[in-house]
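Dear colleague,

My notes on what was found in it follow directly after.

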Amino acid sequence: MSDIPLSRRFCHAPFIFAVIEGNGTVDCCCPAWVGFRSIGNIFKDPPAALWNSVEAQRIRAGVIDGSFSQCEHHVCPHIVSGTLPAKTAADKTRGTILQRGPWMVKLCHDDTCNLTCPSCRTHMIVANRERQQRLDRMLHEFILPFLVDAKRLILSGDGDPFASRHYRNVLRETADNTSLRIALHTNAVLCDERAWIDCRLQGRVDSVEVSIDAASPEIYAIVRRRGDFARLRRNLEFIAKMHADGEVREFQINFVVQTLNFHEMPEFVRLGQSLGVNQILFTAIEPWGRGMTDEQFQRAQVWHNDHPLRSALSDVLRDPILSDPIVLQNVH
């Protein structure tokens with residue numbers, strides 16, 4: 001499809017997808033890919049008005065006319081790689097005002113977590129009473145109405161769905177919506193059978209994605225500060241059983257590669273194999289802007305050519321076990 005010009009391509013994201021960020025802003029694409037143009041804010045705008053806001057319509061108009069005028073052409077990987085699908089006859093007749101809400105919603109607006117991973121934060125983050133009250137109010141004023149047409153709910157892009165009281169309430173309150181499927185992204189330390197039942201997740205979960213970043217209790221204690229590796233292993237076995245029984249369709253474990261843990265990559269693959277996961281994802285550490293200092297981040301980037309352990313990383317990457325088809329990585 002690389003020979004199809006951008007003017008004859010189409011992007012479905014602004015028509016079906018919304019992500020709610022930490023300050024309440026809502027995006028219909030990755031923020032960086034549309035120049036950080038939000039379409040509204042859950043604390044200021046009603047759901048229907050936000051979904052069809054002026055900014056949302058501008059983004060959609062740019063997709064419909066083929067100019068992608070609101071998109072960052074040199075940032076969006078789909079535009080850069082030429083992988084956007086060809087525009088169909090139905091796409092050409094789309095309007096910028098939508099009668100139905102988003103099909104897929106990702107929640108990132110509560111950063112409450114039970115861990116204080118050094119790559120992410122310097123201290124424990126838990127919603128205080130004032131913020132919790134605000135989140136409770138927005139659950140019924142915005143979140144639930146915004147999900148009325150959704151078929152897929154992803155949580156969470158920040159914090160942990162089982163550590164957040166707000167996210168637990170979202171899961172409970174949407175349990176009667178039998179058409180809404182759940183995709184969980186969690187550190188899994190709190191994801192046990194009791195939490196599963198409490199959040200009314202039975203028969204609702206399509207996928208579970210677990211961020212771990214280690215294969216041993218010693219390294220886990222460093223990169224997943226305040227975590228409990230023994231408890232995590234028990235919960236991973238719990239998820240693995242549900243996956244084997246068909247209760248969970250997709251099971252993935254994640255590993256953020258850095259200087260502290262790269263030597264455990266082969267053992268992490270063995271862990272994933274033993275759990276029967278569908279995919280093992282290795283990604284390079286990224287700066288979150290609220291955890292590591294610039295100097296700490298530079299030391300963590302073991303894949304840089306001038307890093308003193310770069311050759312050791314190369315040796316690890318040559319391990320045949322990393323060629324398992326279930327392994328996906330962007331570290332080279």
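**Around Ser211**

Apart from its neighbours within four places in sequence, Ser211 is in contact (heavy atoms within 4.5 Å) with His185, Thr186, Asn187, Arg224 and Asn254. With the side chain of His185, the side chain of Ser211 makes a polar contact at 2.8 Å; that term stands for a pair of N or O atoms within 3.5 Å, where within protein one atom must be able to donate a hydrogen and the other to accept it, and where residues adjacent in sequence count only if both atoms are side-chain atoms. Ser211 belongs to strand S7, residues 205-211 (helices, H or I, of at least four residues and strands, E, of at least two are DSSP runs, numbered from the N terminus). Ser211 has a relative accessible area of 13%, and is therefore buried (under 20% relative accessible area, with exposed over 50% and partly exposed in between, using a 1.4 Å probe and protein chains only).

**How to read the values**

This is a predicted model, in which local features need pLDDT of at least 70 and side-chain atom pairs count only at pLDDT 80 or more, while totals for chains, interfaces and linings use all residues. Residues are numbered from 1 along each chain as its sequence is written, and side-chain values use heavy atoms, with hydrogens and water left out.

**Backbone points to check**

The peptide bond from Leu155 to Ser156 is cis, with omega near 5 degrees, and Ser156 is placed in the loop between strand S5 (152-155) and helix H7 (165-173). Phe68, although not a glycine, has a positive phi of about 50 degrees; this residue sits in the loop between helix H3 (54-64) and helix H4 (77-81) and is buried, at a relative accessible area of 1%. Arg226 likewise has a positive phi, near 80 degrees, without being a glycine, but Arg226 counts as exposed at 58% relative accessibility, in the loop between helix H9 (217-223) and helix H10 (229-244).

**Aromatic rings**

The structure holds 8 aromatic pairs, meaning rings of Phe, Tyr and Trp (its six-membered ring) with centres within 6.5 Å, where planes under 30 degrees apart count as stacked, over 60 as edge-to-face and the rest as tilted. The rings of Trp196 and Phe238 have centres 5.9 Å apart and planes at 80 degrees, so this pair is edge-to-face. The pair links distant parts of the chain, with Trp196 in helix H8 (residues 193-198) and Phe238 in helix H10, 42 residues apart.

With kind regards
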